[in-house]
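Student: I am new to this structure. Could you walk me through it, one feature at a time?

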Amino acid sequence: MKEFVEGSHAIAEIIKACQPGVISAYPITPQTHIVEDLAQMVSNGELSAQVVNVESEHSAASVVLGGSAAGVRVYTATSSQGLFYMQEVVFNIAGMRLPVVMTCANRAISAPINIWNDQQDSISLRDAGWIQIYAEDNQEAVDFHLIAYRLAEDKRVMLPVMVCMDGFILTHGMETVDVPEQDKVNKFLPKYNPLYKLDTAEPISMGLLADPDYYMEARFAIQETMKESIDYLSEISGEFKSVFGRDYKDLLVEEYQTKDADKVIVAMGSVCGTIKEVIDEQRAKGKKVGLLRIISFRPFPYARVYEALKDVPRVAVLDKSVSLGAYAPIAVEIKAAFYGKKKGPKVISSFVGGLGGRDITLESVYEVLRRLTAKEVNSDFIDLKPELLKEEYGK
Amino acid sequence: MFGPLNVKPKDSKGDKTGSWRTQGRPNYLHKNCIACRMCVLICPEGCVSGKEKNTFAVDFNFCKGCGLCAEICPKKDITMVPEDGRSEEK
Amino acid sequence: MENSPLFKSGHTACAGCGQAIAARLVIEAAGSNTIVANNTGCLEVFTTKYPETAWGVPWIHSLFENSAAVASGIEAALIYLGKKDVTNVICQGGDGSSGDIGLQALSGMLERGHDILYVCYDNEAYMNTGVQRSGLTPFDTNTTTSPSGARSSGNVRPKKAVPEICNAHGIPYVATASAGFPQDLSRKVKKAISIKGPKYIQVHVPCPLGWRHETNQMLTVAKLAVDTGLYPLFEYENGILANRKQIVPKPVQEYLKSQGRFKHLLNNPEEIKKIQEIADNNIKKYNLKAEA
C-alpha cells in the first residue's frame, strides 16, 4: 500500500509484516523512530513480538543472538557508536551462523562526536561476516529488509544481514513508499524454520571452543557462503520481482547509463540519487557520464564491477567513509577488481566526501567529475573548508 | 555448508581423563558402605555410580584421582592407593 | 541421570575442581528441561572444546560478559513460542564475568524481571586466564595481578558484595552457597527454579590450582570459609534476609593457613587482624553466630 511516510516508520511497517518474535534495541540517534514505532505497534496489539528494552547495544545484540539461537526470528537496529559497542557480538553472530537481521542507520563515528550521516559505521564492520546491502531510497530500504530475512534464513546461507540506510537522509526523510501487504509478504517470506536451535527436545551445545585444528574451516565456510550468496542475491531478487513487481536485477550493483560512458562515478547509498541528477543533466548536454551504484558491499561483487567498468576509461569512486592511513574502503575494492586483468579503466581516482553529514550537493558531484582527470588521485577529500584548516592548535 | 560447530551431547564421548592419574586412585572397600551417595554427589567428574550398599564404583576411564570421594565418605570406606602405572579398566 | 547425564564425564577440569562439582549439581537440580547460557571462563572451556561437550541440556556460549543478555533473549523467545512455563533458563559465569565485566548485562537482566536464574561460580579471581585479581577477590589475597611482595600484602580492596547488589534490584531470591555444602546448593537451586522472576545464586568454589591447596582438601577449605564467617551462607527472599547458615565461628587463621594464596599473611598478625574484622563484621551483619 502506498504511503507518504517517514523512512523509519516504513521500516517499522515492513518489520511488523515480517513478524519477528524478539525485538531488542538500544536507542541511538537516528535509529530511534524505528524502534519506537515497533514498540507502539506491540503495545497496540498489532505485533505480538517480545520487546526487550536492554541497557546497552552489546546486550541488544546479545538478546537477538539468544533469541535467534532459540529458534525465533529476531530484529535489532543501531547506528555508529552503538554498532561499535556491539561489534564483538556482531562477529559472534556471524560466526555462529545465526540469521539475524539488523538495520544500520548509517551515522558518523566519534571522535569528534557527530550524529549525522556517513557510512563509516557499517563499513568499519565489513570483516564481520555479515551480508551488507545499501539502500538508495526508502522504497529500497523497505524492500531490502524483506529480502534480508529471506536471504539470511535460506538454509544455504544462514548468515546475518545488515541493511544499511543513510541516517537522517533516509530514516527521517519523507517519501512515498509502497509498503508490501501482509499476504504478499507471507508469499515471499516463509515462516522461519531453524536449521539448528536450542531445544530441550533435542539438546545441542552452541558456541564451542575451536582450537587451531578446527577454527579455519569454520571461517573458510563463511567465506564460501559469501561467494555463493552472490548468486543467491540474484535468485532472491527474481523471486521478489515475481511477487512485488519491483526489479532489483542482481541486487549487486545498479548500472546507470554506464554503457558508453567516458567517466563513471562509483558510489553507495542515498548520494546516488543526487549523482543520478547530475548524470541526467550532463547526458542532456551530450556528456557521456554514468553511475555504478554498489548495492551489495558484502559479498563484494568483483566480477560484476569488472563487467560494468572494463571499458570505461575513467572511474571516480566516491566514498562516504575513510580508512585513515590507507586508500578509501570502496576504492580499494574497485581497484582490486581490475588488478591483473586485461581490460580496465586507465584511471581509478578515489574521492572522500560527505563525512559527518556534510551535504554532497550537485556542485559536489560536478567537482568530482572535474577532478576526474588523466592524473589519478587517491583519497582526495572534496568540499573541504580551507579556512578551518588554517587554524593551528596550541598557538 | 560446514556449519557453526554445534555438537549434540550424544555425539560426544568425552576425553579419557583417567590418563591424568599419576599419584593415586580410589579403592572402594565395599565393607561399611551405607549407600549415602555422598561419593556420587561430590565427584567432579560425575564418574561414580552405584545403587545399593557396597555397589558403588568408579569409572577409571575418567577418574582424575582427586581424592574427594575418599575425603567425604562418612564410613571411611574409600581409601586412596598408589596408581602403580595401571591403565584404565573397563 | 546416569544413562543420559546432564553433565557428562570426560571434561577437562583440573582434578578436584570445585566449579565442576557445583556446575554438575546445579544442572542436575534444575533438570533436563533447562537451557543454559554460559560466559567464557573455566567452566565453558573445560566442558566444550570442539568436538566434545559435557552438556546434556541445550547450552550456548557467546562471549565473556553477555550470558545474562543472551539468556534474556532465550527467555523472550520461549515466551513468544509459549514454552517458557515448561523450560528453565539458567545463565552462569565466574566471579569476573558476573561481577566485573558482566555486571551490566546481569543488572539489566535483573532489572527487566526475566524469569532466569543466574549462577555465579565464585573462585575469587580470573582463574581461566591465570589467577588474576577480580572485583570479588578477597582482601589481602595473593593473585598474579595483586601479588604479595615487599611492599604489598596482596589485594588491597575488599570483596565486591555482588549478592547485595543483586538484592538491591528488588528480585525475589538471592542466595550464597558453597561447593563444601553440596546438598545445600542443590536445595537452593531447586528453590530458585520454583520461583518466577530473576534469581541470583553465588556459589563459593575452591580452585585447587589458584588457591594452592591439595585436590582432596576442597571440602575442608570450602567449609572453613563458611565456618570462619568469611563466606556467609544466606538467602534473601523478596529483599528480606530469610535464612542463614549459623556457625560456631572458627578463627580466620585456620582458613588462611589451608591455602597457599594466603601464605604471606601467616607471619603478619596485623593483616590477620584485619581479615578477622571482616569475618566478625559478616557474623554481625548476617547474625551468623549459632545460639549456645
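Tutor: Let us start with A:Ser349, which sits in strand E15 (residues 347–352) of chain A; strands are DSSP runs of at least two residues, helices (H or I) of at least four, numbered from the N terminus. Residues are numbered from 1 along each chain as written, and chains are lettered from A in the order written. This is a predicted model, where local features need pLDDT of at least 70, side-chain atom pairs count only at pLDDT 80 or more, and totals for chains, interfaces and linings use all residues.

Student: Is A:Ser349 buried or exposed, and why?

Tutor: A residue is buried if 20 or more other C-beta atoms, placed from the backbone, lie within 10 Å of its own, exposed if 12 or fewer, and partly exposed in between. A:Ser349 counts as buried because it has 23 C-beta neighbours inside 10 Å.

Student: Which residues does A:Ser349 touch, beyond those up to four places away in sequence?

Tutor: Contact is judged by C-beta atoms, placed from the backbone, within 7 Å. By that test A:Ser349 touches A:Ala316, A:Leu372, A:Glu376, A:Val377 and A:Asp380.

Student: How many residues do chain A and chain C bring to their contact?

Tutor: Chain A brings 36 residues and chain C brings 37. On the chain A side, H3(A) gives the most, with 9 residues.

Student: Where do strands of chain A and chain C pair?

Tutor: Pairing requires at least two bridges found by DSSP between two strands. Here E9(A) and strand E2 (residues 59–61) of chain C run parallel, joined by 2 bridges. Within E2(C), C:Ile60 is the bridge partner of A:Met206.

Notes:
Contact = placed C-beta atoms within 7 Å.
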